[in-house]
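Please consider the predicted model shown below. The report that follows treats selected strands and the surroundings of the ligand.

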Amino acid sequence: MRYDAVIVGAGFGGMGAAIELKRLGLRNLLVLEREDDLGGTWHVNRYPGLAVDIPSSTYSYSFEPNPHWSRLFAPGAELKRYAEHVAVKYGLRPLMRFGVTVDGARWRGDHWEVSAGEETFTARYLVTATGFLSMPRTPDVEGIESFRGRVVHTAAWGPVDLAGQRVAIIGTGATAVQLIPELARDAAALTVFQRTPIWVSPKPDHPVPVAVRKLFARLPFVQRAVRWIGSSILELMMISGVVRYKQLRVVNRLAEWWCRLHLRRQVRDPGLRRALTPDYSFGCKRPTFSNDYFRTFTRPHVRLETSTIDRIDESGIVTASGRTEIDVLVLATGFDLWDTNFPAFEVIGRDGKDLGAWWRQNRFQAYEGVTVPGFPNYLSLNSPYSYSGLSYFTTIECQMTHMRRLFTAMRSRGSSVFEVTQRANDEFLHRMRSKVVRNSVFSLGQCGTSHSYYFNQHGEATLLRPTSTVSARRAARSFPLSDYDFSPASPQTSFVTDDTTATGS
Ligand code: NAP
């Protein structure tokens, strides 16, 4: 079977791509997913306290608002239900195959060959939507495998009975901030191993009254207005905190002051406060919201440990300041991005060009965060400089718009093969790099101690697109079509569309 497109990943990115390709008239689509169901992050992550960390009204497709969120920051299970709803409404489920781990893709001159174990799929177009945060990281701590108690990574949460247990958690990122108050509720003792503190601001969370939900359902424009307000606040944070640090440093400082004030109101002990205060600029790594994180450290059975972990043995964790006996070890140690996830599997383009190797030898780069020279008919959704704004849906929708413009232009030229030009890619990379260097917190702030996954292994901040989302949206709508080379379909390749004027048979 030859597909019009194979999409790898059934999270919100992959589903957005499938919706857009269907709208463009491609009928023969296949979505491959390594997990046993759709939803990506929101299927995999099930740890207690999981919730969206930006207002839910902005964390959804703008064309499919959900009036039913129970809280301003909805719990993870609601995101999973929303993903299921979208998949059913847009007819995506029948396109999906679960439990299929793609291990490679190769351009064969006029189509992609995608391999997953013994199986091979061929398709005219390849879209990878494998997520940024999809490869859980186990810390490389000596002796971890000798620990005889339970070890659980936040991205592989299962039933864990914590009642009466001595629990340790490694990591204080956005995940840990949600989880630590929950662990403290049940554990007899909780030790938090922190390497780098995180900026945490108060969370303006509250239940959405039923009357408001009914109003959103009846008058969607009201919810759109709320979305617009939420998006504008996030945009201001993103712009001031990250992109225009040079011009708006004062807003960045205000954000730091706000987080410090929040900490001061919850923690009286100056030593503990100092230990929980980041020494890097706001925005170097993703800040988060919580109303009970700091307060948790003041509970008598909760201890913050900031000494470096030396090793783990069969029953505890050893640091320079002593040994902590534990029964359960929770790893909130995040995800591997740059070493294993760019790309998530081997992608070989034209003339045998290896995407992973090329990125590592020539800088991480992708035109408009979505296409790469030497890789025809390939859209890489989780690319360098693709992440735009603070809601992942901004990124997804910009990419959907880019796809629409690209495929429409290709079709109007009677073509079915696209490839971004080297020139356009180089210009885009140059523009993004100069914006990072000239304006952003990444080069002008103090990011040296932040240990942020925004930076790649060469110390370059190549994850976030260093522009406003307004500018990202404009670029997606109006990038020069001359930035792409289009070539005709080869006669032997089928390309089935609803549009009879399209190329192929
Ligand atoms: P993370 O931000 O990468 O944090 C990982 C934590 O583990 C860091 O504190 C890190 O310390 C620590 N760590 C890793 N290896 C360690 C080691 N060997 N020894 C000691 N500490 C170690 O990962 P995350 O907390 O899972 O969050 C990832 C992202 O997921 C967030 O930034 C956010 O974008 C997203 N997220 C979103 C939501 C949502 O609701 N949408 C919720 C949770 C998370 P260092 O900082 O020192 O490396």
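## Strand pairing and ligand shell

Strand β13 (residues 309-312) pairs with β14 in the antiparallel sense over three bridges; two strands count as paired if DSSP finds at least two bridges between them. Helices (H or I, at least four residues) and strands (E, at least two) are DSSP runs, numbered from the N terminus. The model is predicted: local features need pLDDT of at least 70, side-chain atom pairs count only at pLDDT 80 or more, and totals for chains, interfaces and linings use all residues. Residues are numbered from 1 along each chain as its sequence is written, and side-chain values use heavy atoms, with hydrogens and water left out.

Between β13 and β14 lie three residues, and the two strands form a hairpin. R311 has V318 as its bridge partner in β14. On its other pairing, β14 joins strand β15 (residues 322-325) in the antiparallel sense over four bridges, and two residues link β14 to β15 in a hairpin. Here G316 has E325 of β15 as its bridge partner. Strand β14 (residues 316-319) is covered on both faces: G316 and V318 on one side, and I317 and T319 on the other, are all buried. Buried means under 20% relative accessible area, exposed over 50%, and partly exposed in between (1.4 Å probe, protein chains only).

Strand β2 (residues 29-33) is largely enclosed by the rest of the structure, because five of its five residues are buried. L29, V31 and E33 point one way from β2, while L30 and L32 point the other way. In a regular strand the side chains alternate between the two faces of the sheet. Strand β1 (residues 2-8) runs parallel to β2 and is joined to it by four bridges; V8 stands opposite L32.

Polar contacts, pairs of N or O atoms within 3.5 Å, include the following.

| Residue | Protein atom | Distance to a ligand oxygen atom |
|---|---|---|
| T172 | backbone N or O | 2.9 Å |
| R195 | polar side-chain atom | 2.9 Å |
| K285 | polar side-chain atom | 2.7 Å |

Taken alone, the ligand exposes 910 Å², of which the protein buries 89%; these accessible areas come from the Shrake-Rupley method with a 1.4 Å probe.

Technical notes. A polar contact is a pair of N or O atoms within 3.5 Å; within protein, one must be able to donate a hydrogen and the other to accept it, and residues adjacent in sequence count only if both atoms are side-chain atoms.
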